[in-house]
Amino acid sequence: MSSDSTLRLVWVYPDLLSTYGDRGNLLILAHRAAARGFPVEAVQVRSDQALPESADIYLLGGGEDGPQSLAADRMTADGGLHRAVERGSVVFAVCAGYQILGHSFSARGASCPGLGLLDLRSDRDPQRAVGELAGTVDRQLGLPTLTGFENHGGRTALGPGCAPLAHVTAGVGNDGRTEGAWHGKVLGTYAHGPALARNPALADLLLRWATGAAALDPVDDTWPERLRGQRLAAVGAA
Ligand code: GLN
């Protein structure tokens, strides 16, 4: 973090990666950081702008195939996200953004190079995965059941260099068994929703990674917890 302890958040390419209300993840992080007394600076960086390298958390959302491959090309040419990860920044990516973090992904019938920030590859399944998604989160992360909404044609195979975010109890995620992935402070998921509105403890994990705080003051999570309970009950994963 900066010397004045301002938390700097970057929403990467709102013009290309912004399906299913994923920008809500930026609002949730800004809100939960401010509630703990951290000054917050949130910026949206379009694909025709350079990515800053010194932010604390970078957020990538979902997207259709065309914008997804354009976004991957732009991010590779820019190089800012790679440099930020080398500096220790946090990255949280959803669906198309998650696939872009891997070595390769499939879009419009072609295999496209990804950023290689997570050890995974995505290809295409004829059957789209659409609907509620839930999973038991990797014990190391110490989080409650993940819940979200998925809509993707991609299927993702994890390499040994990353761990699954969760083990699927409803829906498909990566391949019907695991969902999402993480390594270091880079984490991706197929969960829209937006994911951080539906999983406030995941939002707080990202804030702890970014701030180095061992714990954060509690905030009133009555409403998000009610929503989580309803969605988990709806898929029989409560
Ligand atoms: N285009 C990608 C797929 O279908 C990602 C979709 C999304 O971000 N919702 O797998």
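Leu59 is in contact with Leu9, Val10, Trp11, Val12, Asn25, Leu26 and Phe92, leaving out residues up to four places away in sequence; two residues are in contact if their C-beta atoms, placed from the backbone, lie within 7 Å. The structure is a predicted model, in which local features need pLDDT of at least 70, side-chain atom pairs count only at pLDDT 80 or more, and totals for chains, interfaces and linings use all residues. Residues are numbered from 1 along each chain as its sequence is written.

**Core and overall fold**

- Leu59 belongs to the largest nonpolar core, which has 67 residues; Val12, Leu29, Ile57, Tyr58, Leu59, Ile100 and Leu206 touch the most other members.
- Such a core is a set of buried Ala, Val, Leu, Ile, Met, Phe, Trp, Tyr and Cys residues joined through C-beta atoms within 7 Å.
- Helix H6 (residues 200-211) gives this core its largest share, seven residues.
- The protein has seven helices and 11 strands; helices (H or I, at least four residues) and strands (E, at least two) are DSSP runs, numbered from the N terminus.
- Of the 238 residues, 46% count as buried, a class that requires 20 or more other C-beta atoms within 10 Å of a residue's own, whereas exposed means 12 or fewer and partly exposed lies in between, with C-beta atoms placed from the backbone.
- Among contacts with a separation of 6 or more, 70% join residues 24 or more positions apart.

**Annotated active site**

- An unreviewed UniProt entry lists Cys95 and His192 under "active site"; UniProt positions are given in the numbering used here, feature names are shortened, and annotations may be inferred rather than shown by experiment.
- These residues span 98 residues in sequence, yet no two of their C-alpha atoms are more than 7.6 Å apart, so they gather at one spot.
- Cys95 is found in the loop between strand S4 (90-94) and helix H4 (96-101) and is buried, with 28 other C-beta atoms within 10 Å.
- Beyond four places in sequence, Cys95 touches Gly62, His152, Tyr190 and His192.
- His192 lies in the loop between strand S11 (186-189) and helix H5 (195-198) and is buried, with 23 other C-beta atoms within 10 Å.
- The contacts of His192 beyond four places in sequence include Tyr20, Asp22, Gly62, Cys95 and Asn151.

**Ligand shell and annotated binding site**

- The residues around the ligand are Thr19, Gly62, Gly63, Glu64, Asp65, Gln68, Cys95, Ala96, Asn151, His152, Gly153 and Gly154, each with its C-beta atom, placed from the backbone, within 6 Å of the molecule.
- Helix H2 (65-78) and strand S8 (146-158) are the elements that give two or more residues to this shell, and S8 supplies the largest share, four residues.
- By class, the shell has two nonpolar, eight polar and two charged residues; Ala, Val, Leu, Ile, Met, Phe, Trp, Tyr, Cys and Pro count as nonpolar, Asp, Glu, Lys and Arg as charged, and the others, Gly among them, as polar.
- The UniProt annotation "binding site", from an unreviewed entry, covers Arg128, which is placed in strand S7 (residues 120-137).
- Arg128 counts as partly exposed, with 13 C-beta neighbours inside 10 Å.
- Apart from its neighbours within four places in sequence, Arg128 is in contact with Asn151, His152 and Gly153.
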